[in-house]
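Let's walk through this model together, starting at a pocket and working back to the fold around it.

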Amino acid sequence: MRIRFTAEIYEWTARRNWFFVDVPPEPSADVFDQPRMPRGFDSVRVVATVGGTTWSTSIFPGAETYALPLKKAVLRAEGIGEGDEIEVDLDVLDG
């Protein structure tokens, strides 16, 4: 499954310097609906692309959406940070 969306970067309130974007509700629902083997924290493996940077990671479920963590290396490479709206491409590997 491939998902493309635009979202605003935010800092996780529970931990400083951890940055995320939320996958919008509709594609998150599609991911929630896919059968998969259980993984830690109910995470789902993905390959993410922001600008010219691609990396393997996982998205993590919240109440209604998944959250994509953004590595510091990605933030630096793309010159982005908290409050910026970015375009994200996700290839969902599980399911």
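**From the pocket to the sheet**

Strand β6 contributes the most to the lining of the largest pocket, three residues; strands here are DSSP E runs of at least two residues, helices H or I runs of at least four, numbered from the N terminus. This is a predicted model, where local features need pLDDT of at least 70 and side-chain atom pairs pLDDT 80 or more, while totals for chains, interfaces and linings use all residues. Residues are numbered from 1 along each chain as its sequence is written, and side-chain values use heavy atoms, without hydrogens or water.

In all, 13 residues line that pocket, with W12, F20, F60, P61 and A67 nearest its centre. Along with β6, strands β3 and β5 each give two or more residues to the lining. (On a 1 Å grid over the protein atoms alone, a pocket is an open set of points where a 1.4 Å probe fits, with protein on both sides within 12 Å along at least five of seven lines; lining residues have an atom within 4 Å of a point.)

Now step back to the sheet. Its seven strands run in the order β1-β7-β4-β5-β6-β3-β2, open and antiparallel, where pairing takes at least two DSSP bridges.

Finally, look at L90. Beyond its neighbours within four places in sequence, L90 contacts (heavy atoms within 4.5 Å) residues including M1, F5, V47, I59 and L68.
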